[in-house]
Amino acid sequence: MKYMMFVCTDTEPDTDTAPEPDIDAWVAQNDQAGRRLLGNELAPASAATTVRVRNGELLVSDGPFAETKEVIVGFDILECADLDEAIEVARAHPMSRWGRLELRPYAAVAQ
């Protein structure tokens, strides 16, 4: 099953003083195992453009639409047997300590 994993900042990071996991090692391990299909960091929220259409009118604004302290800073597409495996993959990601990771399964698309 495929999962989109949003990598987000968080206003309450972990206070554990244990060494931080290495992101390059996490990427290499999951790429090699075939669990990480794609992923990357995103440009800062200040580079975002929000697009909406209301009553036929195009509305374009700079920056993210939502006013929030937490922002999406990256993403990964995961291929896992089930949600339990996806949670274990996310648990080992460095941002699970300093930010938060949101997992969403791909919705089935009717053909």
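**The largest pocket and its surroundings**

Mentor: The lining of the largest pocket divides into nine nonpolar, four polar and four charged residues. Here Ala, Val, Leu, Ile, Met, Phe, Trp, Tyr, Cys and Pro count as nonpolar, Asp, Glu, Lys and Arg as charged, and the others, Gly among them, as polar. This is a predicted model: local features need pLDDT of at least 70, side-chain atom pairs count only at pLDDT 80 or more, and totals for chains, interfaces and linings use all residues. Residues are numbered from 1 along each chain as its sequence is written, and side-chain values use heavy atoms, with hydrogens and water left out.

The pocket's volume is about 290 Å³, the space filled by probe spheres set on its grid points, which are joined across faces, edges and corners. A pocket is an open set of points on a 1 Å grid over the protein atoms alone, where a 1.4 Å probe fits, with protein on both sides within 12 Å along at least five of seven lines; lining residues have an atom within 4 Å of a point.

The lining counts 17 residues. Nearest the centre are I23, N40, E41, D76 and H93. Four elements, α1 (23-32), β2 (36-41), β5 (72-79) and α3, each give the lining at least two residues. Helices (H or I, at least four residues) and strands (E, at least two) are DSSP runs, numbered from the N terminus.

Start with H93. Its place is the loop between α2 and α3. H93 is buried, at a relative accessible area of 5%; buried means under 20%, exposed over 50%, partly exposed in between (1.4 Å probe, protein chains only). Beyond four places in sequence, H93 is in contact with M5, V7, I23, W26, D76 and L101. Contact means heavy atoms within 4.5 Å. Two of these partners, I23 and D76, are also among the residues nearest the pocket centre. The H93 side chain also reaches the backbone nitrogen of M95 at 3.0 Å. That is a polar contact: N or O atoms within 3.5 Å, one able to donate a hydrogen and the other to accept it within protein; residues adjacent in sequence count only if both atoms are side-chain atoms.

Step back to α2, residues 83-91. Its buried residues are A86, V89 and A90. The face turned away carries the exposed D84 and R91. At the helix start, a side-chain oxygen of D82 comes within 3.2 Å of the backbone nitrogen of D84.

Now go on to α3, residues 95-98, which holds R97. R97 counts as buried at 13%. A polar atom of its side chain lies 3.0 Å from the backbone oxygen of P19. Beyond four places in sequence, R97 touches P13, D14, D16, T17, A18, P19, E20 and P21.

Last, β5 holds E79. E79 is partly exposed, at 29%. Its side chain reaches the backbone nitrogen of M1 at 3.1 Å. With residues up to four places away left out, E79 touches M1, K2, G34, R35 and L37. Between E79 and P21, the C-alpha distance is 21 Å, and 58 residues separate them in sequence.
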